[in-house]
Amino acid sequence: MKKSVNPETKKEQILKAAVDVIVDHGLESFSIRKLCNKSNLSIGLVYHHFSDKNEIIHSVLEHYGIGLLSWVGENVSAAKGDKEKLKTKIIDGYSIHKKYLSLIIILSNYFTRSFYSDTERKSTASLLANYRKTLVKIINNGTANGSFNVENPEVLASLILGSTLGINLQASVDKTIDSDAAAELMTNLILSHISEK
């Protein structure tokens, strides 16, 4: 009797192959044909799971994004107190490329594209919005209980997010960038300026 194959396994195989193709060739050159060549899967099987290449890209961003947010969320939850939570969030933000290098490379491809679809825009916007939302929540909690003195939590969250994205993009392509040193410096600068004296 022939053993049945779990459809989810094939879907995951397609997503992993898609990541490899995007990392190797960039989003501009990503195609279902290249994906099939990389994964040794038939075009029919790929179209059985995904309607087009945009859906595949969306699924890749969603898949990695959920893993990323879960990882950062676990570390923040384990930290005690608002200062420690913010410190953990910033440091984790600067080291994302160490755990999710493929995601950072995919995002860097996305940001340098001259055009992009609504699906890609929504996927990326959702990922960044969730990360930013967690930062704002921590800052607001710290402000409410007197740990921080922050006039505009939204601006501070944007500053942290922009800085971490920039360092991660650099560190993913330039191995001489010391993201650990950047994380420590940025964390100390932020905490020294927003903590109550």
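Reader: What share of the contacts in the protein between residues at least 6 apart in sequence join residues at least 24 apart?
Author: That share is 68%, where contact means heavy atoms within 4.5 Å. Keep in mind that this is a predicted model, where local features need pLDDT of at least 70, side-chain atom pairs count only at pLDDT 80 or more, and totals for chains, interfaces and linings use all residues. Residues are numbered from 1 along each chain as its sequence is written, and side-chain values use heavy atoms, with hydrogens and water left out.

Reader: OK, and how many helices and strands are there?
Author: The protein has 10 helices and 0 strands. Both are DSSP runs numbered from the N terminus: helices are H or I with at least four residues, strands are E with at least two.

Reader: How much of the protein is made up of buried residues?
Author: Buried residues are 43% of the 197 residues. Buried means under 20% relative accessible area, exposed means over 50%, and partly exposed is in between, using a 1.4 Å probe and protein chains only.

Reader: Let's look at a pair of helices. How do α5 and α10 cross?
Author: Helix α5 (residues 82-94) and helix α10 (residues 179-194) have axes that come within 9 Å and cross at roughly 150°. The axes are lines fitted to C-alpha atoms, for helices over the stretch in contact, and angles run from 0 to 180 degrees between N-to-C directions.

Reader: So are α5 and α10 roughly parallel or roughly antiparallel?
Author: α5 and α10 are roughly antiparallel to each other. The cut-offs are under 35 degrees for roughly parallel, over 145 for roughly antiparallel, 65 to 115 for roughly perpendicular, and oblique for the rest.

Reader: Which residues meet there?
Author: From α5 they are Lys83, Leu86, Lys87, Ile90, Ile91 and Tyr94, and they meet Ser179, Ala182, Ala183, Met186, Thr187, Ile190, Leu191 and Ile194 in α10. The residues of this contact divide into 10 nonpolar, 2 polar and 2 charged. Here Ala, Val, Leu, Ile, Met, Phe, Trp, Tyr, Cys and Pro count as nonpolar, Asp, Glu, Lys and Arg as charged, and the others, Gly among them, as polar.

Reader: Tell me about Thr187. Buried or exposed?
Author: Thr187 counts as buried, at 1% relative accessibility. Leaving aside neighbours within four places in sequence, Thr187 is in contact with Lys87, Ile90 and Ile91.

Reader: And what does Thr88 touch?
Author: Thr88, in helix α5, touches Asn75, Val76 and Ala79, not counting residues up to four places away in sequence. Thr88 is buried, with a relative accessible area of 16%.

Reader: Switching topic: which residues touch the most other members of the largest nonpolar core?
Author: Leu86, Leu156, Ile160, Ile190 and Ile194 do, out of 28 residues in that core. A nonpolar core is a set of buried Ala, Val, Leu, Ile, Met, Phe, Trp, Tyr and Cys residues joined through side-chain atoms within 4.5 Å.

Reader: Which helices supply at least two residues each?
Author: α4 (53-78), α5, α8 (118-144), α9 (153-173) and α10 each do. The largest share, 7 residues, comes from α8. There is also a second, separate core of 20 residues, which includes Ile14, Ala18, Phe50 and Ile56.

Reader: How far apart are Val19 and Ile56?
Author: Val19 and Ile56 are 37 residues apart in sequence and 9.6 Å apart in space, C-alpha to C-alpha. Val19 sits in helix α1 (residues 7-25) and is buried, with a relative accessible area of 2%.
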